[in-house]
Amino acid sequence: AGCGDVNNALSIGGTTGAIVATTEKWSGTTWATTSNLNQARHVLAGCGNVNNALSFGGFTGTVVATTEKWSGTTWATTAALNVARSSLAGCGTTAAALSFGGSTGAVVATAEKWSGSAWATTAALNVARSSLVGCGTTTAALSFGGYTGSDAVVATTEKWSGSAWAT
């Protein structure tokens with residue numbers, strides 16, 4: 001997962017052949033390793049910036065609902081997703097975030113909203129997808145691309161209005 005911008009970014013978790021908890025910070029010119037996640041995960045989602053970020057969901061050998069909050073220097077485990085998912089997408093900030101799609105073992109359309117302290121289930125995507133991408137905020141977001149689970153990679157785009165997804 002990752003978050004930030006071209007001048008300051010985080011790379012969160014992943015795999016090197018083994019699932020890792022590594023967090024790296026981009027300064028605009030170079031990467032530097034910083035504090036690890038509390039739980040090593042890959043195919044997780046992230047949002048925020050280098051000073052305040054969230055990582056959520058992922059895979060450790062099993063699908064997990066873990067959410068961790070980045071303070072700019074360390075990760076702290078916080079309230080978990082309601083539905084454990086890997087290969088999900090997300091967007092927003094540590095105060096207001098959105099998670100959507102992913103896989104529980106089956107591809108799902110699940111969406112959840114982060115309030116700054118807890119996740120709440122909200123209106124689902126119209127097309128269930130994993131390995132999708134997202135951007136925006138909890139009031140205006142996009143989900144695009146992904147995998148539907150039947151060996152089908154799709155170019156589906158959905159727009160979030162703050163309360164529903166539309167294709």
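## Salt bridges

A salt bridge here is a side-chain nitrogen of Lys or Arg within 4 Å of a carboxyl oxygen of Asp or Glu. By that criterion, the structure holds 3 salt bridges. Please keep in mind that this is a predicted model, in which local features need pLDDT of at least 70 and side-chain atom pairs count only at pLDDT 80 or more, while totals for chains, interfaces and linings use all residues. Residues are numbered from 1 along each chain as its sequence is written, and side-chain values use heavy atoms, with hydrogens and water left out.

Let us start with Glu 68, which forms a salt bridge with Arg 41; their closest N and O atoms are 3.1 Å apart. This pair links distant parts of the chain, 27 residues apart: Glu 68 sits in strand S7 (residues 67-70), and Arg 41 in the loop between strand S4 (31-34) and strand S5 (45-48). Strands, like helices, are DSSP runs numbered from the N terminus (strands: E, at least two residues; helices: H or I, at least four). Both Glu 68 and Arg 41 are buried, where buried means under 20% relative accessible area, exposed means over 50%, and partly exposed lies in between (1.4 Å probe, protein chains only).

## Two further pairs

Arg 85 forms a salt bridge with Glu 112, with 3.0 Å between the closest N and O atoms. Because Arg 85 lies in the loop between strand S8 (75-78) and strand S9 (89-92), and Glu 112 in strand S11 (residues 111-114), the pair ties together parts that are 27 residues apart in sequence. Arg 85 is buried, with a relative accessible area of 0%, and Glu 112 also counts as buried at 0% relative accessibility.

In the pair of Arg 129 and Glu 158, the closest N and O atoms of the salt bridge are 2.9 Å apart. Arg 129 lies in the loop between strand S12 (119-122) and strand S13 (133-136), and Glu 158 in strand S15 (residues 157-160), so this pair ties together parts that are 29 residues apart in sequence. Arg 129 is buried, as is Glu 158.

## A serine in the S12-S13 loop

The loop between S12 and S13 also holds Ser 130. This serine is buried, with a relative accessible area of 4%. Leaving aside residues up to four places away in sequence, Ser 130 touches Ser 87, Gly 102, Ser 103, Val 107, Gly 146 and Tyr 147; a contact means heavy atoms within 4.5 Å.

## The S1 to S4 sheet

Strands of a sheet pair through backbone hydrogen bonds, either parallel or antiparallel. Here, 4 strands form an open sheet in the order S1-S2-S3-S4, with antiparallel pairing; two strands pair if DSSP finds at least two bridges between them. The edge strands are strand S1 (2-4) and S4, each of which pairs on one side only. From one strand to the next, the twist averages 25°, with axes taken as lines fitted to C-alpha atoms (for helices over the stretch in contact) and angles running from 0 to 180 degrees between N-to-C directions.

S1 and S2 pair in the antiparallel sense over 3 bridges, and Gly 2 has Ser 11 in S2 as its bridge partner. A hairpin of 4 connecting residues joins S1 to S2. Next, 6 bridges join strand S2 (residues 9-15) to strand S3 (residues 19-26), and these two run antiparallel. Thr 15 stands opposite Ile 19 in S3, while Ala 9 stands opposite Trp 26 in S3. S2 and S3 form a hairpin with 3 residues between them, and Gly 17 in the turn has a positive phi of about 115°. S2 is mostly covered, with 5 of its 7 residues buried.

## The S9 to S12 sheet

Another set of 4 strands forms an open sheet in the order S9-S10-S11-S12, again with antiparallel pairing. S9 and S12 are the edge strands, each pairing on one side only, and the twist averages 25° from one strand to the next. Within this sheet, strand S10 (residues 97-100) and S11 pair in the antiparallel sense over 4 bridges, and Ala 97 stands opposite Trp 114 in S11.

## Cysteines

A search of the whole structure finds 0 disulfides, a disulfide being a pair of cysteine sulfur atoms within 2.5 Å. The sulfur of Cys 47 is 7.1 Å from the closest cysteine sulfur, in Cys 3, which is too far for a bond. Cys 47 is buried, with a relative accessible area of 3%.

For Cys 135, the closest cysteine sulfur is in Cys 91, 7.0 Å away, again too far for a bond. Cys 135 counts as partly exposed because its relative accessibility is 35%.
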